[in-house]
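Here is a friendly walk through one protein model, taken a few residues and elements at a time. Keep the viewer open and follow along.

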Amino acid sequence: MTLDIRGSLKNTKINNNSFIVVDELFSNAIDSYLIRKNAEPNIEGLSVNFEIELFPLELDGSKLEFKIICTDNGAGFGNEQVKAFVTKDTSYKDDLSIAGISKCRGSGRIQYLHYFNKIGIDSVYKLADQTYRRQLTVDITSTKGIDEDSFSSKVSDVNEEVKTTITLDAIKPEIYERFFSGSDLKEMLSADSVRNYVLISFL
């Protein structure tokens, strides 16, 4: 399967919630953890960490750009997760009999593509008794589609921590103007603001 980037953007509307990518990152992190917990009942508790980096958009520093980095301790990007990622209308989560897991809408990663030009995935996962590291780097300004071969995979240190980091970078100019222009991004994207938003959104 190949996720056609241009077709996906055309057929999936932009969500007008400026925090939609935070919603999707957090929701997917929870689901990934529940999948891992189902297979490994004795793992540690859920951990989701957001890091938001602000940097000057222009030389005079009058505008700030940002990227969002989310790290979780869920199951990671194993083979089934990669297949689901590159399948536009996937029913992967719907077929999992795991309490608490969200219904699969399949549009979260499309919102990533609507908002940002660059997506990075760095995931450590386990398969049987072996640990693997799988990575993806996409610049949608020069990439037509994403398929399973777009990911690199290699055997990793067996003691390496299972975790996934997703980085969303290079916000699209039209998205910036539509949702963030004129805002105080230091306040809007502060640790307190993001934490309070997530708590209220997911209660």
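## Gln 111 and its surroundings

In this predicted model, the side chain of Gln 111 reaches the backbone nitrogen of Asn 15, at 3.0 Å. Gln 111 sits in helix H4, which spans residues 108-115. Is Gln 111 buried or exposed? Its relative accessibility is 4%, so Gln 111 counts as buried, the cut-off being under 20%.

Beyond its neighbours within four places in sequence, Gln 111 is in contact with Thr 12, Lys 13, Ile 14, Asn 15, Ile 20 and Val 21.

H2 passes H4 in a left-handed crossing. Where the two helices meet, H2 supplies Ile 20, Val 21, Glu 24, Leu 25 and Asn 28, while H4 supplies Gly 108, Gln 111, Tyr 112 and Tyr 115. By class, this contact has 5 nonpolar, 3 polar and 1 charged residues.

## H2 against H7

H2 also packs with helix H7, residues 191-202. Which angle and axis distance describe the packing of H2 and H7? The angle is about 65°, and the axes are 11 Å apart. This crossing is right-handed, whereas H2 passes H4 in a left-handed one.

From H2, the residues involved are Val 22, Asp 23, Phe 26, Ser 27 and Ile 30. They meet Val 194, Tyr 197, Val 198, Ser 201 and Phe 202 in H7. The residues of this contact divide into 7 nonpolar, 2 polar and 1 charged.

How accessible is each of them? Thr 131 has 0% relative accessibility and counts as buried, while Gln 135, at 29%, counts as partly exposed.

The side chain of Thr 131 has a polar atom 3.4 Å from the backbone oxygen of Val 158. Val 158 is also one of the contacts of Thr 131 beyond its neighbours within four places in sequence, and others include Val 124, Tyr 125, Lys 126, Lys 154, Val 155 and Glu 160. For Gln 135, the corresponding contacts are Ile 121, Asp 122, Ser 150, Phe 151 and Ser 152. Phe 151 is 16 residues from Gln 135 along the chain, yet their C-alpha atoms are separated by 5.5 Å.

## The buried side of H5

In helix H5, residues 173-180, the buried residues include Ile 175, Tyr 176, Phe 179 and Phe 180. These four cover an arc of only 100° around the axis, which puts them on the same side of H5.

What covers the buried residues of H5 includes strand S3 (64-72), H4, strand S8 (163-171) and helix H6 (185-188). After H5 comes Gly 182, with a positive phi near 85°.

Most residues other than glycine have a negative phi. Against that background, have a look at Ala 128 and Ala 170. Ala 128 has a positive phi of about 60°, and Ala 170 likewise has a positive phi of about 60°.

Where are these alanines found? Ala 128 is in the loop between strand S4 (116-127) and S5, and Ala 170 lies in strand S8. With a relative accessible area of 75%, Ala 128 is exposed, whereas Ala 170, at 18%, is buried. The value for Ala 170 still counts as buried because the cut-off is under 20%.

Methods: Residues are numbered from 1 along each chain as its sequence is written. This is a predicted model: local features need pLDDT of at least 70, side-chain atom pairs count only at pLDDT 80 or more; totals for chains, interfaces and linings use all residues. Side-chain values use heavy atoms; hydrogens and water are left out. Buried means under 20% relative accessible area, exposed over 50%, partly exposed in between (1.4 Å probe, protein chains only). A polar contact is a pair of N or O atoms within 3.5 Å; within protein, one must be able to donate a hydrogen and the other to accept it, and residues adjacent in sequence count only if both atoms are side-chain atoms. Contact means heavy atoms within 4.5 Å. A crossing is left-handed if the near helix is turned anticlockwise from the far one by less than a right angle, and right-handed if clockwise. Ala, Val, Leu, Ile, Met, Phe, Trp, Tyr, Cys and Pro count as nonpolar, Asp, Glu, Lys and Arg as charged, and the others, Gly among them, as polar. The arc is that of the directions from the helix axis to the C-beta atoms. Axes are lines fitted to C-alpha atoms, for helices over the stretch in contact, and angles run from 0 to 180 degrees between N-to-C directions.
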